[in-house]
Amino acid sequence: MCLSAFCLRPPRRSSSKLLPQSPPNHPTETEAPADDLPRSGSDRDADGSQGARVAVSTQAGYPMNIISNHDFSNRLESWHPNCCHAYVASAISGFLNGVRPSSGGNYAVVTHRNESWQGLEQDITEKVTIGIKYTVTACVGVYGDLHGPAGVQATLKLENSDSSISYMFIERILVSKDCWEMLEGSFSLASMPRRVLFYLEGPAPGVDLLIDSVVISSEDTEVCRATSVDENIVRNPQFENGLSDWSGRGCKILLHNSLVHGKILPVKGRYFVSATERNQTWNGIEQEITGRVSRKLAYEVTAVVRTLGNPNNADVRATLWVQSPNGREQYIGIAKIQASDKEWVQLQGKFLLNGVASRAIIFIEGPPPGTDILVDSFVVRRAMKPAASVPPSAEGFSYTIDSRKVVSANIISNHDFSRGLQSWSLNLCDGFVVSGEFGPLKGVTAKTGSNYAVITNRTESWHALEQDITNKVSTGLTYSVSVILRVSGPQQEPSAVKATLKLEHLDSRLSYISVGRAMVSKERWEMLEGSFTLTSMPKCAIFYLEGPVGVDLLIDSVVVSCSDVEHCEDVSHGANIIRNSSFIDGLNWWNPLGSCKLSICTVSEFFPLAKDSVNHNQPKSSHFILTRNRTETWMGPSQTITDRIKLHVTYQVATWVRLGSGATGPHHVNVALGVDNQWINGGQVEANSDRWYRIRGSFRIEKRPSKVIVYVQGPPPGVDLMLSELQIFPVNRKARYKVLKEKADKIRKRDVILKFSGSENEGIVGASLKIKQIDNGFAFGACISRSNIENEDFVDFFLKNFNWAVFGNELKWYHTESQQGKFNYKDADELLDFCHKHGKQTRGHCIVWEVEDAIQPWVRSLDSNDLMVAVQNRIRGLLSRYRGKFRHYDVNNEMLHGSFYQDRLGTDIRAYMFREAHQLDPSAILFVNDYNVEDGCDSKSTPEKYIQQILDLQERGAPIGGIGIQGHISHPVGEIICDALDKLAILDLPIWFTELDVSAENEYIRADDLEVILRESFAHPAVEGILLWGFWELFTCRDHSHLVDAEGNINEAGKRYLALRQEWLSHADGNIDTQGEFRFSGYHGTYTVDIATASKSISRSFIVDKGDSPLVLTIDE
């Protein structure tokens, strides 16, 4: 036996095979994800960016290894032991008896294996793509009580978008105890799963698995580079090779090391480039990236830019030009920023290619002609997935700002390193987590759990491990700190280790709080204890540990808790957080904002004629605040509510306002919140001095502020302002949902009696049946674009989960006729063919758009006569071409917010558009469509104003058939939405949410917000359909509003949507009674019924439509 050094045997080859389901020796549950450890400054790429390590040969054309830390030179960084223990053996920590590494100076030891499938794994999701053949080479060995060779296997674990798990077998070999063996195989993915884990497994329980190195590569170097997370696909990104790989886009480009007598210098490298002699906005600097980007993968773009030759700010844009194999061209807007000649700014954005690109060119453009564009650096790399969202009830999200009620649990995330270094950051040092009792430090095992962190390569005392606790602490409380730690290194004497709090204040000033100090040795674990209290809330609070230079810090666990207060109570739903809201205690708790004067008045004194009247359109309280001497619009009554606000809770706002002396007409009044240096709109109304006006709105605070002030403001200086009964209270969504479910069942369900003909045949009586609803009669739709239908994953999700479609831009006038007389209906035609092929109904959006900024320049330049002709041609051309093909049309979009055509063509032009459209296509239902109607935040588009606009149009003969509410909403409140729907319903027209999206960075909060709108809509009898304005990341109107990420992974909001769709489908099973009937209650929609008799099986379909009486259907045998 070769105990002094393993021998290396030649490899055996085999092809990969996809296993349809989990093999018997695999666990059925999803394993914990492998978390890459944060990297130190020494791991930065040449361009200064930081990413995952990938081994790359410096030889041109050599296949790139997509495995991070492939030879364990960085210990177990990027690797994760699967339900077992692992450590790295090296010359420093010691090798197993007689076992030397084969290729480098380290190898991994996977031990304490209780199942054959337990091994070492790495997440390679971000580094693989479909249709590419990857070659796997792993140098492996075994160690333990063996009496013969042991099997070692390479496997892929695939977590699919529908949460199912499958396994792909790569290769299996027999390995003897005395030799390293080379395992070689290959694999290719036919479709892209949500997650891909590569792992090595196989020896019997109790046998240690040894891994010397792992290489996974593709001969397609460009694809491999394009799919590597940290690889910049832009060549010569900092212009170190001059202008190589770069060219001017319709202009000249020049290389510089400085400009303007040394006032403009490069930021990252030694050079920057200018795009000069520009005479078109699209002129700029470009690079062809054909072959370096892959379809259906998200990419991030970061460029450092500025302008020259223009004292004003100007738009600078990053754009991708793509040509498909059939010659179709597409321009993809990636990012836009306002830049100037005063400083460098960072332009950032993301893009995704849906279809195959035969050519791809990325470029910078945007400023007006004559303005130079300067580019310092340009990076395009695979987009990193954001950190997983945490439910609001976990990880400190439920903490209140109230200093009297704070959760006393440990506020440190991943306090025992059970999830590697997740939630921790390394401050200019290196670190890793040791799992199990065998590790690189002999004799050192965890104290409280099975893991501890090792912080090494520390060149300053403050280089250490840190965690941001800003959102988990509050002022005025004492927090206790307990850390179990020890040190490692050449020193013999104990070392001083400190816990410190770094505070970054609102004015960017830094300060530090010493939390605790302990003398720590390398012989045993010690306890560092301390405490801290915050007197004011900083912008950022970082907890970290520090100690002597050159000493490794070993950290077993960290606990930071508030020990002197009670546990946080549940949110008091419906309880007003405003103190003295009815002003019974005078001005107690209230203050003037600014130099204005506040006084308390009574209704009987101020409005003597109203003292005996009963009016539901005025406040109930007999007191109100009168604000005089207002010299600024923002002046008004205010109250500080910092200690009463809870994070991530939706608050409803309700109050009454009225204008007093000085008012000459209606003015905007709103409830505002000052959150540190931010302004939040809590509700708005257009008020006058004639009566009281009610404001209803909502808000939510996502990040912990140091101060929150609520105030009422808005009218011009000199106008007196009155305020009565301000209420702000947390919304109880769960209680509301119970009411909505009852309402939905009442209006969306119908009793059904199925009568089976041939019941005289004894075989049908007692037969079993299953009823399944396959689609809901309510319309659930989504916005799609032409490029989306080239993405198979997008198409699959759309077809399965939506029954209506609306086109993003393809039908808009600026798309179909961007230049006068040059028409492009090809995109709309192809989308329409796609929808009709798959049985999806379509809305036509939109015939014209009333907002001037959305109108193409050639239309804006026309005089009134030519404009009228152009409008007529647009309506006639569109409606004639698509007669009978669109079920709905938005005729003139956003008439509450724009007046371009009305200002130029007269007050009747809007009604004329409806009349003309109806004449050309009588089958289409014609809609008005506008935004901010439903949430109380916009005084331009209240339900009352929308109703008045519709009545005015109807008086002019406009055949309005439906009301469109766009639904771009944030922190929705169900009662406010329902109130708006109730008001609009008096018109007896169908209401549709036509462009629904909710935006929240946290996916769980986004899911909650989406559920509010969906439930309110589904439970309201006037609402007939909902269309989402996009559901796929990078193809939505607003950031953080998607249900599916760019690469096809369904997020929490998407899961909530799917869950509600399932909730609103009815299923039943049972037996046919003696009368030959079966009764059930089901939602409107399409059903199938399967009947099994003793002699045969019968399948039929039927539709349950609206109706008050039971639906009786005869099912023929």
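1. Arg 733, Arg 736, Tyr 737, Leu 740, Ala 744, Ile 747 and Arg 748 of helix α3 are in contact (heavy atoms within 4.5 Å) with Asp 1008, Asp 1009, Glu 1011, Val 1012, Arg 1015, Glu 1016, Ser 1017 and Phe 1018 of helix α13. By class, six nonpolar, one polar and eight charged residues make up this contact. Helices (H or I, at least four residues) and strands (E, at least two) are DSSP runs, numbered from the N terminus.

2. The model is predicted: local features need pLDDT of at least 70, side-chain atom pairs count only at pLDDT 80 or more, and totals for chains, interfaces and linings use all residues. Residues are numbered from 1 along each chain as its sequence is written, and side-chain values use heavy atoms, with hydrogens and water left out.

3. An open sheet is formed by five strands in the order β13-β16-β21-β18-β19, with antiparallel pairing. Strands pair if DSSP finds at least two bridges between them. The edge strands, β13 (247-249) and β19 (329-339), each pair on one side only.

4. Within this sheet, β16 (residues 284-288) and β21 (residues 359-365) pair in the antiparallel sense over four bridges. Ile 285 stands opposite Ile 364 in β21.

Key
Ala, Val, Leu, Ile, Met, Phe, Trp, Tyr, Cys and Pro count as nonpolar, Asp, Glu, Lys and Arg as charged, and the others, Gly among them, as polar.
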